[in-house]
Amino acid sequence: MPTTSKPKPRLTWLQVGTHILGWLPLAWILFDYFTGRLSVNPIQDIEQRLGRIGVYFLIGTLACTPLSTLFGWREFLKRRRALGLYSFLYVSLHIMVFVDLDYGFNLSQIYALVTGKLYLVVGTIALLILIPLAVTSFDYFIHQMGRNWKRLHWLIYPAAILSLLHYALAQKGDLFTLRGNILKPFLLGILLILLFILRIPSLRRWLSGFRSKLTVRTHHLPQTHKITPG
Ligand code: HEM
C-alpha cells in the first residue's frame, strides 16, 4: 500500500563526522580535566583551548563554500550551519570560563578589563556579531527574513577577521613585527585570506568550469585504460 509519509532523510558520513568533530574537543578537554592533564593554570588552559576551537570551527564554516566549489560536492554546504553553531558553542564556553571561573562574575572588574584592553574590545565585537548569526541560523528565520537573511549572514566575514585579530592580540608577542607567539594566528589569517579569494565570483566560475571539464575528460578516458577481466 502506498504511504503518504515523507521518506526519512538519510544520515551522511560527512554529517556524522561533523557532529563527532563538534563534540570531540569538549570531550577531550573534559578528559584532560578529569585525568589531571591540564597545564599548571587549568582555567587559563581551558579558556585558551575553547577560544582556539571556536576559531577553528569558524574557519571551518567559511571553508565549506570554497570546498564545495573545488570538489563540486554540495554536501559541504549543508554542513555550514552545524559548524557555525559549534563555533558559537565553543566561543560561548570560552566567555563563560572567562566571566565565571576566571573572574567569578565580578562584573565591575570584567567591565573595566574588557573596556581597557584592545584584544577584549575586539573579541567582544566579534561575539556581538556572532550572537544574531547563531540565533537566526535556523530554518524559521531563513524563511522569515528572506533576502535580509543573506545580508545579515554576510557578517560572518568581519566576525572571522575580528576573531583572528582578537586571537593574535591575545598572544604574547608583537603582531606587527610577527615576534613571539604570533605564528599560528598569522597562518590562520593567511588561510582566511585564501578562503576569501576562493569566493571571488569570477574565480569560482572558472574553478567550476575547470572541474566540469576535468570530470568530462576522465569519463571519456580511452578504452585501453580500462582493465578487462580474464
Ligand atoms: C568570537 C569571539 C571570540 C573568539 C573566537 C575568541 C577566541 C580566542 C582565542 C583563539 C584566544 C587565544 C587562545 C590562546 O592563547 O591560544 C582568546 C583569548 C582570550 N579571550 Fe577570546 N575569543 C572571543 C571573544 C572573547 C570575549 C568576548 C572575551 C571576553 C570578554 C574573551 C576573552 C579572552 C581572554 C581573557 C583571552 C586570553 C586568555 C589567556 O591567555 O589567559 N574572548 N580568545
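Let me start with a term: buried means under 20% relative accessible area, exposed means over 50%, and partly exposed is in between, using a 1.4 Å probe and protein chains only. By that rule, His94 and His166 are both buried.

Now the ground rules. This is a predicted model, where local features need pLDDT of at least 70, side-chain atom pairs count only at pLDDT 80 or more, and totals for chains, interfaces and linings use all residues. Residues are numbered from 1 along each chain as its sequence is written, and side-chain values use heavy atoms, with hydrogens and water left out.

On to the iron. Which protein atoms are donors to the iron atom of the ligand? They are NE2 of His94 and NE2 of His166, lying 2.0 Å from it. Donors here are N, O and S atoms within 2.8 Å of the metal, or 3.2 Å for Na, K and Ca; water is not among the atoms, so sites may look incomplete. His94 sits in helix H4 and His166 in helix H9, 72 residues apart, so the pair links distant parts of the chain. Helices are DSSP runs of H or I, at least four residues, numbered from the N terminus.

Why is the arrangement octahedral? Because the six donor atoms around the iron subtend angles of 85 to 180°. Six donors count as octahedral if opposite donors are over 155 degrees apart and all others between 65 and 115.

Next, the shell around the ligand. A residue is near if one of its heavy atoms lies within 4 Å. There are 23 residues around the ligand, and Gln48, Arg52, His94, His166 and Gln171 come nearest. Helix H6 (118-135) is one of the helices that supply at least two shell residues. H6 gives the most, with seven.

Polar contacts next: pairs of N or O atoms within 3.5 Å; within protein, one must be able to donate a hydrogen and the other to accept it, and residues adjacent in sequence count only if both atoms are side-chain atoms. A ligand oxygen is 2.6 Å from a side-chain N or O atom of Gln48. For Gln44, the corresponding distance is 3.0 Å. For Gln171, a polar side-chain atom lies 2.9 Å from a ligand oxygen.

Last, Asp139. Asp139 is in helix H7, residues 139-145. Its relative accessibility is 41%, so Asp139 counts as partly exposed. The Asp139 side chain makes a polar contact with the side chain of Arg81, at 3.1 Å.

Methods
Tetrahedral: all angles 85-135°; square planar, octahedral: opposite > 155°, others 65-115°.
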